[in-house]
Amino acid sequence: MNLDAKIPSGPMAQKWGKHQFDLKLVNPANKRKYEVIVVGSGLAGASAAATLAELGYNVKCFCFQDSPRRAHSIAAQGGINAAKNYQNDGDSVHRLFYDTVKGGDYRSREANVHRLAQVSVNIIDQCAAQGVPFAREYGGLLANRSFGGAQVSRTFYARGQTGQQLLLGAYSSLSRQIGLGKVQMFPRTEMLDVVLVDGHAKGIVVRDMVSGEISRHSAHAVVLATGGYGNAFFLSTNAMGSNVTASFRAYKRGAAFANPCYTQIHPTCIPVSGEHQSKLTLMSESLRNDGRVWVPKSQAVAEKIRKGELKASDVAEGDRDYYLERKYPSFGNLVPRDVASRNAKEACDEGRGVVGSGLGVYLDFEDAIGRLGESAVRERYGNLFDMYEKITGSNAYKNPMTIFPAVHYTMGGLWVDYNLMSNVPGLYVVGEANFSDHGANRLGASALMQGLADGYFVLPYTIGQYLAEVGPDDRPSVEGSEFAGAEEKVRGQIDQMLSIKGKRTPTSFHRELGQIMWDKCGMARNKAGLEEAIKKIPELRAEFWDNLNVPGENGSLNQSLEHAGRVADFLEFGELMCRDALQREESCGGHFREEHQTPEGEAKRDDENFSFVGAWEYKGENQTPELHKENLVYEEVKMTQRSYK
Ligand SMILES: Cc1cc2nc3c(=O)[nH]c(=O)nc-3n(C[C@H](O)[C@H](O)[C@H](O)COP(=O)(O)OP(=O)(O)OC[C@H]3O[C@@H](n4cnc5c(N)ncnc54)[C@H](O)[C@@H]3O)c2cc1C
């Protein structure tokens, strides 16, 4: 397997500019002879599809929601980073680059991260020009707030609805191109396979989710913008529909899957309240700007709170442990997510949790309200406080929120080179679906930045090189044997799932898999647990194919059938995640192996042996996949033990 990252030569700050100049261009008159498939209409997909069409390419865009503007990106709350330095507080492209590499615990590719920081500034201009209503200062300049892992304020936001507002911007650009006939939009359509012709990605097979019709689509290139796979854990902050199917099926066709074990567990989510739940709710990281995280110093006090005998306000100031401020005085409550999550777990493991299950800590706004006034806090976070009250029944202006870490984002994804092309020629991967920029831990507000950087500013340049090389005639007919074979496979799996007529629903398998993943491959992992999971998951998978019950049929809307197909992929993919976590005998970022920690309980990397991207190659059904390594070379940033103290 060829894992050539194709990093341009030259000084870091000049790589992207030089590369842009070196890339082949497609003559404007020729662009209309090309067809590009974009799967996904979240921030990455919508921005890519709109920009490619604006350039003159013909685009087919697919999504499984009923409208492109309902993609999961709409859920993003807190903000988007950019190195504008509007605050004059010392930010720069280099600092954003440095913070991101450090935040990712030195497991990302430097050149990609540097480019991300460079184009971050263009994103804000583009979105502001589209009319995205970013928060503004009194004088009219765009406002910023702080997010974890940074000591500057560089996060642009639209109250707690940044993702929604950015998506409306991208969606309006996309709609313009739909109106002009340059983008053909296929909502409610699920990609179920990617088709390779002579080793190049040349099309996809999809299912119309309303009629059940299966169809084939060919193109000169295929772009996957299909989001993350956090729902492998069943409970996560992701939209219920988020899944790994598109990426995983591409993996089965030969695309390398990189760092699948890198999962982000977000520290500020509403704690699990019972077994009925199918989703967890994020409380935006922006709340850590003003909220203070604490638990009681003593287990006895915590126990009284858990039993309802004491309230937070009964605990005297001196009896509270603001553990992040105590342990990390320079970053305090704004340490990165992995650090904040691990510390919350540690406090709860010590018996100091403050909700009935013992799995919850406080996020307290008493100080901020005292200092700024309730109206200022309401102005900044009003909709988040309202959402919290709707879900928990508690008023966070009066009582502290209770929070606990939950699965939120996946740093792993399909391997891509500097051009965002996977190892399968013609198959590009953008947004959360690729692995490229966040290493082992993503900093808050950097996912939106990456998705839009990929879609608006990187892919539209880099894809031209491939298209220019293959030429406009290289678009196969959908009647070819490769398309027929892929369609047959898709139909076969659907028929099989419908015919089992067993006793268990797709949800029950998904829930059981999620529990295994959370227990064995969650916030803390160890060798014995991972080996146990690698044994249990195939057993569960075997039961799935023996005892699954999918009511209804293929010829109409059938959400159970859709879910079954996604769970089938999670049941294979979960094992891959565990294998990856098992081989990575170190702790880094969100990957915490209990065997590898410093005396203070921090993640202990092993740079000598694990400074690589782990990219897995599919070897066939029930075969052990093969690990390939892309070594990470740091020219600009010195690898050190991460410290936020
Ligand atoms: C609650 C929450 C809050 C967040 N807040 C922030 C924040 O404040 N700042 C930040 O930077 N990040 C945030 N994130 C992360 C960020 O929202 C995501 O990483 C990002 O939006 C992903 O965008 P995307 O375009 O890659 O994928 P998505 O938005 O997930 O879009 C995926 C698209 O692919 C389509 N798709 C998937 N599979 C298929 C298939 N098989 N066939 C057809 N179509 C398919 C879907 O229909 C959809 O259109 C948050 C995440 C969550 C869960």
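Two residues are in contact if their C-beta atoms, placed from the backbone, lie within 7 Å. By that rule, and leaving aside neighbours within four places in sequence, Val36 is in contact with Leu52, Tyr57, Val59, Ala219, His220, Ala221, Val223 and Ile463. The model is predicted: local features need pLDDT of at least 70, side-chain atom pairs count only at pLDDT 80 or more, and totals for chains, interfaces and linings use all residues. Residues are numbered from 1 along each chain as its sequence is written.

Val36 belongs to the largest nonpolar core, which has 191 residues. A nonpolar core is a set of buried Ala, Val, Leu, Ile, Met, Phe, Trp, Tyr and Cys residues joined through C-beta atoms within 7 Å. A residue is buried if 20 or more other C-beta atoms lie within 10 Å of its own, exposed if 12 or fewer, and partly exposed in between. Val36, Ala49, Val223 and Leu414 have the most contacts inside this core. The core draws at least three residues from each of domain 1 (266-407) and domain 2 (481-610); the domain bounds come from an automatic or database domain assignment.

Next come the helices and strands, which are DSSP runs numbered from the N terminus (helices H or I, at least four residues; strands E, at least two). Helix H6 covers residues 162-179. Its 18 residues should span 26 Å at 1.5 Å a residue, and its end C-alpha atoms are 25 Å apart, which agrees; the expected span is 1.5 Å times one less than the number of residues. Among the buried residues of H6 are Leu166, Leu167, Leu168 and Tyr171. The buried residues of H6 pack against helix H3 (43-55), strand E3 (80-81), helix H5 (110-130), strand E5 (183-186) and helix H13 (446-470). After H6 comes Gly181, with a positive phi near 80 degrees.

Strands E6, E7 and E8 form an open sheet in that order, with antiparallel pairing. Two strands pair if DSSP finds at least two bridges between them. Strand E6 (189-197) and strand E8 (214-218) are the edges, each pairing on one side only. From one strand to the next, the twist averages 25 degrees. Axes are lines fitted to C-alpha atoms, for helices over the stretch in contact, and angles run from 0 to 180 degrees between N-to-C directions. E6 and strand E7 (residues 200-208) pair over 8 bridges, and Val195 has Gly203 in E7 as its bridge partner. Helix H14 (residues 481-499) packs on this sheet, touching E6, E7 and E8.
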